[in-house]
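Dear colleague,

I am passing on the structure we spoke about, and my notes on a few parts of it follow below. Please read them with the model open beside you.

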Amino acid sequence: MQFPVKHTQLICGKHLLDLSRPVVMGILNTTPDSFSDGGSYYEEDSLSLDLVLRRAEQMLEEGAKIIDVGGESTRPGAASVSEQQELDRVIPVVEALVVKLGALVSVDTSTASVITESAKRGAGLINDVRALQREGALVAAAATGLPVCLMHMQGQPDSMQKNPHYSDVIADVSDFLRERVSACRAQGIPSERIILDPGFGFGKALAHNLALLRRLPELGGLGYPLLVGMSRKSMVAQLLNRPVDERLSGSLALAMLAAERGAAIIRVHDVAATVDVLKVLAAVIE
Ligand code: 9MG
């Protein structure tokens, strides 16, 4: 087995991201209510840029190549967030990470104004769990010239885990991603700027998640780098029956399996441990 060689370098604004080996994207949620790290950077009910910067710096030192900043919790059942709240949470953080740390920042958003304002502040990647389907998002993303990650989700976060159903999960996810690629191409986003993501845990039962992981190489066959996020998610809980703070080993096993099956970007909370796992994998593969 070899790591996939297509699209090995992604131009992310001022950064060149080498994807010839799987890389780690560190998660930085600026929300008070995300399922794992929600509220971690709040002091007396307000977001502390100091705490955010400290955590981002730690993740970069541990080997993260990208920091994914989000201002909306998309965990199952999460409350929606207003556009202004999202802007207020995300934009100062993007600016601080770019200016103070020189980080490659990915913005986890579906909102057109957040896409536009983040790009102006130096973000290098747009990560949209709604695959640029929200009003204005596709046009806004195309105008930035940045790479986009298009993720599959069945339903919406408030209800997506109620009764997920597929006739063939691989075919359904592939068809959706192909359609979103066409929409991006039609809007002028070149294929070299597209990343795909099956959306583990987004409107999927355990069997769907496992099938997607097992057959990840088929999604890689669509011809775009794959991003995956399984870190500490409920699929780990379903497999191991562990609370959220005891899901490290399960998350690492899933990261390793995804990388071995061709994932190019692994989105995680536990950066140092995941970087170690990927080093071991690289040594075995080559
Ligand atoms: C924001 N977010 C939460 N989970 C995610 C996943 O699995 N993939 C991507 N691209 N983003 C995610």
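**Helix 1 and its surroundings**

In this predicted model, the buried residues of helix 1 pack against strand 3 (23–29), strand 4 (42–43), strand 5 (46–47), strand 6 (66–70), helix 2 (83–101) and helix 10 (271–285). The residues of helix 1 that are buried are Leu51, Val52, Leu53, Arg55, Ala56 and Met59. Helix 1 itself covers residues 49–62, and its 14 residues reach 20 Å from the first C-alpha to the last, close to the 20 Å expected at 1.5 Å a residue. Just after helix 1 comes Gly63, which takes a positive phi of about 115 degrees.

**Helices 3 and 4**

The axes of helix 3 (residues 112–120) and helix 4 (residues 137–144) come within 8 Å and cross at roughly 10 degrees; because angles under 35 degrees count as roughly parallel, helix 3 and helix 4 are roughly parallel to each other. On the helix 3 side, Ala112, Ile115, Thr116 and Ala119 meet Ala137, Ala140, Ala141 and Thr144 of helix 4, and by class this contact has six nonpolar, two polar and no charged residues.

**Gly124**

Gly124 lies in the loop between helix 3 and strand 8 (125–128), and it counts as buried because its relative accessibility is 1%, where buried means under 20%. Leaving aside neighbours within four places in sequence, Gly124 is in contact with Cys12, Gly13, Leu104, Val105, Leu146 and Pro147. Of these contacts, Leu146 is 22 residues from Gly124 in sequence, and their C-alpha atoms are 6.2 Å apart in space.

Note on methods:
Residues numbered from 1 in each chain as written. Predicted model: local features only at pLDDT ≥ 70, side-chain atom pairs only at ≥ 80, totals over all residues. Heavy atoms only, no water. Axes fitted to C-alpha atoms, helices over the stretch in contact; angles between N-to-C directions. Helix = DSSP H or I, 4+ residues; strand = E, 2+ residues; numbered from the N terminus. Parallel < 35°, antiparallel > 145°, perpendicular 65-115°, else oblique. Contact = heavy atoms within 4.5 Å. Nonpolar A, V, L, I, M, F, W, Y, C, P; charged D, E, K, R; others polar. Buried < 20%, exposed > 50% of the residue type's maximum accessible area, 1.4 Å probe, protein only. Expected span 1.5 Å × (residues − 1).
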